[in-house]
Amino acid sequence: MKKAKQIQHMISKPFDLLSEELVFIILDLVAQSPSDLKSFSLTCKWFYQVEARHRRSLKPLRAEYLPRTLTRYRNTSDLDLTFCPRVTDYALSVVGCLSGPTLRSVDLSRSFSFSAAGLLRLAVKCVSLVEIDLSNATEMRDAAAAVVAEAKSLERLKLGRCKKLTDMGIGCIAVGCRKLKRVSLKWCVGVGDLGVGLLAVKCKDLRSLDLSYLPITGKCLHDVLTLQHLEELLLQGCFGVDDDSLKSLTHHCNSLKNLDASSCQNLTQRGLTSLLSGARCLERLDLAHSSSVISLDFASSLNKVSSALQSIRLDGCSVTCDGLKAIGTLCISLREVSLSKCVTVTDEGLSCLVMKLKDLRKLDITCCRKLTGVSITQVANSCPLLVSLKMESCSLVSRDAFWLLGHKCRLLEELDFTDNEIDDGGLISISSCRSLSSLKLGICLNITDRGLSYIGMGCSNLRELDLYRSVGITDIGISSIAQGCCHLETINISYCKDITDKSLVSLSKCSMLQTFESRGCPHITCQGLAAIAVRCKRLTKLDLKKCPFINDSGLLTLAHFSQGLKQISVSETGVTDVGLVSLANIGCLQNIAAVNTRGLSPSGVAAALVGCGGLRKAKLHASLRSLVPPSLITHMEARGCAFLWKDYNNHNNSNTLQAELDPKYWKLQLEEDIEL
């Protein structure tokens, strides 16, 4: 009888058979989908309680929810408040009281309204705090920095764009937080050599230091480069770091692996030689937008780091053929090379560079407009291990070269062929790259559904596809992609004029879809949009601008099914007040664009703004600025919402769209913009 009761109890409460450890394993798998996690926790009271004990990371949508949320999730170790623009001292006090013993990381990089008093409560109560992000706290002063110094266990600190901080505040942090390992002071323009020097002297365990755009000179680098554990040094845009300030620099920073000296306009070969003199283990070097010509003499400064160097970035530099040849000869261990917008790069230079780089994995030659199929053929023959190739706007490259890339470089995972002459033959060859996850084919006017169908059949791992203005693509090609690439997360079909609802119905089978851009597709209607909304539960970004048949019906469906949507553009659509107000039902929504949408009234826009509590950016027509109550705008700005008022002419929208869909029109406009 007793056994029968036990069996009956087991049948009535089957979840009691599961141990908490087993449920934790299940939750680790379910956590990838917020909606699934919510459904799981609501299955029964025990699952609800176990899920609360299991969760360690939180990203609340509103600061006012913090007391209730943190009361439930007592084991929170990582707290991301980037969705909460207005975080008060009281909110930080709540965080300290409820999560003090367990909290290890807090992100306040997009929050404001707190002061030194709130930070003090956080620093004192959260004794285990090892990371805090205070980036963009533009009103933060030295008093608040002195409070941060109370977090004695701090290891990672971000203070980017804290422009009112001075050497005194950084000095307090240096004295109080001796365990710091990673510090970012990017754009802290009030901090100079003194503050950086104090940080280097007091915090001996520093691994990473970001000094980008600081008014420092080579003086403080003498102390910085004596740090025995320093692995990463970022000096982007430090105009005070020049040859003269580095001429007496001697160091043996053998731990340094990553050096960013991009946009250091006053740094030439002479200063760079001093900077690299002791960095024999350097693996990554960024010299983008340098004022120096990358010549044979310049390349000689890489002599002491050539054996270990794996990545070099020379974007926007003036590069000579001899310079590239020397780099290829000296640095044979290179795995990543970036020459984006190096307009002087020629076939001879690139061919000489890659000839000996057998281990090259990533190559960026974006906007190197002098290159032809000759150098791309050399890349294909010399670099069989290539996994990433970016070559946007290399329009002189012949179609045969694309075929050879697919034939020789079978390990490719990322390809950017935007604005190139690739055709269906090239796509057929590339379809043999089974690991391909990102493919950009924007403004490729020679491709059709035939080539795209091979991509769908061969590249089942594809996550991102860009077909912007590739006007030869129709519903047939999109259907092939949807059928073969079920893991697709991002797709851009903007201005593909022949796309209809059939494509959207096909893409709705891609349940992982997060970003969908269909700007300027005149045949898309609410029926296709409904299919995406109902079946693509992970949708976060949606661009419907200039889709004239999208109206309130589509937005009402989105408001009901797309609860994870963060960004939407409905400019120049048929949406009215009803549809816009319905978006208030989406709690995650942060960004709305509704310009030249004739069905909107000032009262409707005002109601939508009030309802969307988490809004961070609103792009609206300039004519509404004087019609929406000023008090509402002030209230929204205080809540953290930024307004962009656009004065677009809304006359003859249909004629304008037809002109933009014409390849000859926008291709000519693109060429004119490049010439300017």
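Q: Which domains is the chain divided into?
A: There are two stretches to look for: domain 1 covers 16–51 and domain 2 covers 535–648. Those bounds come from an automatic or database domain assignment. The C-alpha centres of domain 1 and domain 2 lie 35 Å apart.

Q: And where do these numbers come from?
A: This is a predicted model, where local features need pLDDT of at least 70 and side-chain atom pairs count only at pLDDT 80 or more, while totals for chains, interfaces and linings use all residues. Residues are numbered from 1 along each chain as its sequence is written, and side-chain values use heavy atoms, leaving out hydrogens and water.

Q: What is the mean pLDDT of the chain?
A: The mean is 91, and 93% of the residues reach 70 or more. pLDDT is the predictor's confidence in each residue, from 0 to 100. Over residues 672–676 the pLDDT is below 50, and beyond near neighbours in sequence this stretch has 1 contact in the model. Contact here means heavy atoms within 4.5 Å. Where pLDDT is low, the predicted coordinates should not be read in detail.

Q: At what angle do the axes of α2 and α3 cross?
A: Helix α2 and helix α3 (residues 34–41) have axes that cross at roughly 150 degrees and come within 9 Å. That makes α2 roughly antiparallel to α3. For the cut-offs, angles under 35 degrees count as roughly parallel, over 145 as roughly antiparallel, 65 to 115 as roughly perpendicular and the rest as oblique.

Q: Which residues make that contact?
A: From α2 you have Val23, Ile26, Leu27 and Val30, and from α3 there are Asp36, Leu37 and Phe40. The residues of this α2 contact with α3 divide into 6 nonpolar, no polar and 1 charged. Ala, Val, Leu, Ile, Met, Phe, Trp, Tyr, Cys and Pro count as nonpolar, Asp, Glu, Lys and Arg as charged, and the others, Gly among them, as polar.

Q: What about α2 and α4, where do their axes cross?
A: Helix α2 (residues 20–30) and helix α4 (residues 45–54) have axes that come within 10 Å and cross at roughly 70 degrees. So α2 and α4 are roughly perpendicular to each other. On the α2 side, Glu20, Val23, Phe24, Leu27 and Asp28 meet Trp46, Phe47, Val50, Glu51, Arg53 and His54 in α4. That α2 contact with α4 divides into 6 nonpolar, 1 polar and 4 charged residues.

Q: Switching topic: how many residues of α9 are buried?
A: Helix α9 (residues 167–176) is mostly covered, with 7 of its 10 residues buried. Buried means under 20% relative accessible area, exposed over 50%, partly exposed in between (1.4 Å probe, protein chains only). The buried ones are Asp167, Gly169, Ile170, Gly171, Ile173, Ala174 and Gly176. Their cover includes α8 (142–148), β5 (156–158) and α10 (193–202).

Q: And which residues are buried in α23?
A: In helix α23 (residues 526–535) they are Cys526, Gly528, Leu529, Ala531, Ile532 and Ala533. Among the elements covering them are α22 (501–507), β22 (541–543) and α24 (552–561).

Q: I spotted Cys521. Where is it?
A: Cys521 sits in the loop between β21 (515–517) and α23. Its relative accessibility is 0%, so Cys521 counts as buried. Leaving aside neighbours within four places in sequence, Cys521 is in contact with Ile493, Ser494, Tyr495, Cys496, Lys546 and Cys547. The C-alpha atoms of Cys521 and Lys545 are separated by 8.7 Å, and these two are 24 residues apart along the chain.

Q: Last one: is Ser113 buried or partly exposed?
A: Ser113 has 34% relative accessibility, so it counts as partly exposed. Ser113 is in the loop between β3 (105–107) and α7 (116–125). It has a positive phi of about 80 degrees although Ser113 is not a glycine. Asn596 is not a glycine either, and has a positive phi of about 60 degrees. At 6% relative accessibility, though, Asn596 counts as buried.

Key
Axes fitted to C-alpha atoms, helices over the stretch in contact; angles between N-to-C directions. Helix = DSSP H or I, 4+ residues; strand = E, 2+ residues; numbered from the N terminus.
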